[in-house]
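Could you walk me through how this chain is put together?

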Amino acid sequence: MTLIVLLFLWIRLVEQLRWEWTFNPQYGYGWAVPCLCLYLAFRRIRASDPQSQPAPQPAGTWFLAVAALLYAPIRLVQQANPEWRLVSWTLAFEVIAMTLLLAGQWRAPVKRLLKTRILFPLLFFLLAVPWPTLMESPVIRWLTGANAAATVEVLNLAAIPAIQHGNLVEVRTGIVAIDPACSGIRSFQAALMLAVFFGEVYSLTALRRVICVMAALALTFGFNLIRTTVLCWVAATKGPAAIAAWHDPAGIAILAACFLCLWYLASANRPRASCRGRREEAPVSNGFLRNIKALRTSWRPIPFKLAAALAGWLLVVEVGAECWYRAHENPRTTAPLSWTVEFPKAQPAFQELFLNADARRVLRYDQARSAAWDEGANLKWQAIFLRWNPGRLAAHMAKSHIPEVCLTAAGAQLTRQIGPRQLDIGGLALPFKCYAFTQGASQVHVLYCLAEDRHGSLNTKGATGYRGRLQAVVDGRRNGGQRSLELAVWGIDDDAQADQALLAQARNLIRLQPQPSS
């Protein structure tokens, strides 16, 4: 019964993380981490001496009860905010703590807990949890800017004229964008995981493990600099269109090269055979029996009745959470309203725009409309309307398309942000934010509106900030469809005047759509 509970908890955690592992290439390596955790756990148990290890202590009932109770609010918040990375981290710590409790390790002293055989493999799993956005975004911006600056320096030293414009590199044939995928963050995170893994496999000292991690950062930056330099050289000699044939092979090549370098570095710094300790000098003849004995002494499950009670509680939490959200998902309880945009096709120089294949692959939207047009006084406008149908994927994809990520990736520099505020249209309040960016010598102001709808019914309470996310739990909102409008204007220097023009234009574009009642 204890194994069933543990299996359920880990499946729930992997199910929470699989969306990032699948749809965010930055965390694609996460699929390999659970297998590596199992290998490290079995390796530690196999290498330990059962005779010298104290028997694990039974878990304290009170600690187990507290951990079990915490699962209920985590599960409720998770269903309303599946893309919230704080939920992923909270759930990961919850599952790790429950694993230690169910393995009978909680009442052990702190010094003994730090030597617990399964503690390191469990903590190793945290490398597959997506970084908090407040930590990830600055790192990506720094890596992207540093990579672009270093690439320009290398190109100029190689007698290839290049100019940096934010995250853009201008060569004689055109512009090369250094987007987040080219920042090196993807290879750095994978290399960080490999550095920690190799440090454990080769039993490196703490100092040498730190050196491996620092080497991972240096190697990924260096190899990624070579990659972007090669891509810019290709663009300068054959044109920007030729980059597509080189982009993915170059990325795979630097990841493979980084893997081999870290592997060599860790193996070259492993302890000598005479210093590896007694546990590796044990006779091989009784290896199988030692493995079985180590597994038995490392596992002392909680009593069956307590495990059954815990399984029953988890079942109650799952059923209760499902009933809570289903009770609030009755279409009759929501107003049958929706909204869309109507572009001003009569404006001068109006043209429909189409998102490229990369945007469709990354955003995975169900509907997209984009247009650009001009107005008097040298005003230029561009609007993008996206819609995701109800489902868990909608929240993940919609909240990854935000101006502070997309425009900075295109070389713009964020200078101001206000919001969230409410945009009232026909008695309907839509949440919006306003931004100001500098893009080369020009300035662009952006209004961004993201609203959630469910089954054709509009929900005007956007989940913005901690309060909004918790309010979504109280309101029983989950898996709602998403609609976003991104409106940009060029030609206005004053921030207040630009905000007023954006709000007026948004009111002209947005149209309410009554929907038939269910």
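What follows is a short tour, from the overall picture down to single residues.

**The overall picture**

This is a predicted model, in which local features need pLDDT of at least 70 and side-chain atom pairs count only at pLDDT 80 or more, while totals for chains, interfaces and linings use all residues. Residues are numbered from 1 along each chain as its sequence is written, and side-chain values use heavy atoms, with hydrogens and water left out.

The chain has 17 helices and 13 strands. Those are DSSP runs numbered from the N terminus: H or I over at least four residues for helices, E over at least two for strands. Of the 518 residues in the chain, 47% are buried. Here "buried" means under 20% relative accessible area, "exposed" means over 50%, and "partly exposed" is in between, using a 1.4 Å probe and protein chains only. Take the contacts in the chain with a separation of 6 or more: 74% of them join residues 24 or more positions apart. A contact means heavy atoms within 4.5 Å.

**Two helix pairs**

Two packed helices are described by the angle between their axes and the distance between the axes. The axes are lines fitted to C-alpha atoms, for helices over the stretch in contact, and angles run from 0 to 180 degrees between N-to-C directions.

Start with α9 (residues 206-238) and α10 (residues 244-268), whose axes come within 10 Å and cross at roughly 155 degrees. The two helices are therefore roughly antiparallel. That label is for angles over 145 degrees; under 35 counts as roughly parallel, 65 to 115 as roughly perpendicular and the rest as oblique. The crossing of α9 over α10 is right-handed. Right-handed means that the near helix is turned clockwise from the far one by less than a right angle, and left-handed means anticlockwise. On the α9 side the contact includes L219, F223 and V230, and on the α10 side it includes W246, I254 and L265. Sorted by class, this contact has 17 nonpolar, 4 polar and 2 charged residues. Nonpolar covers Ala, Val, Leu, Ile, Met, Phe, Trp, Tyr, Cys and Pro; charged covers Asp, Glu, Lys and Arg; the others, Gly among them, are polar.

Now look at α1 (residues 2-23) and α3 (residues 61-80), which pack at about 30 degrees with their axes 13 Å apart. That makes α1 roughly parallel to α3. α1 passes α3 in a left-handed crossing. F8, L9, R12, E15 and Q16 of α1 meet Y71, R75 and Q78 of α3. By class, that contact has 3 nonpolar, 2 polar and 3 charged residues.

**Strands side by side**

Strands of a sheet pair through backbone hydrogen bonds, either parallel or antiparallel. For two strands to count as paired, DSSP has to find at least two bridges between them.

| Strand pair | Bridges | Residues facing each other |
|---|---|---|
| β1 and β2 (residues 168-171) | 3 bridges | I163 and E170 |
| β5 (residues 351-353) and β6 (residues 367-375) | 3 bridges | Q351 and A372 |
| β6 and β7 (residues 379-388) | 9 bridges | S370 and I384 |

Most residues other than glycine have a negative phi, and most peptide bonds are trans. A159 is not a glycine, yet its phi is positive, about 65 degrees. Find A159 in the loop between α7 and β1, where it is exposed, with a relative accessible area of 68%. R364 also has a positive phi, near 55 degrees, and lies in the loop between α13 (357-363) and β6. At 39% relative accessibility, R364 is partly exposed. In the hairpin of β6 and β7, with 3 residues between the strands, A377 takes a positive phi near 60 degrees.

Finally, which residues does W19 touch, leaving aside its neighbours within four places in sequence? They are N24, R392, L393 and H396. W19 sits in α1 and is buried, at 14% relative accessibility. W19 and M397 are 378 residues apart in sequence but 9.9 Å apart in space, C-alpha to C-alpha.
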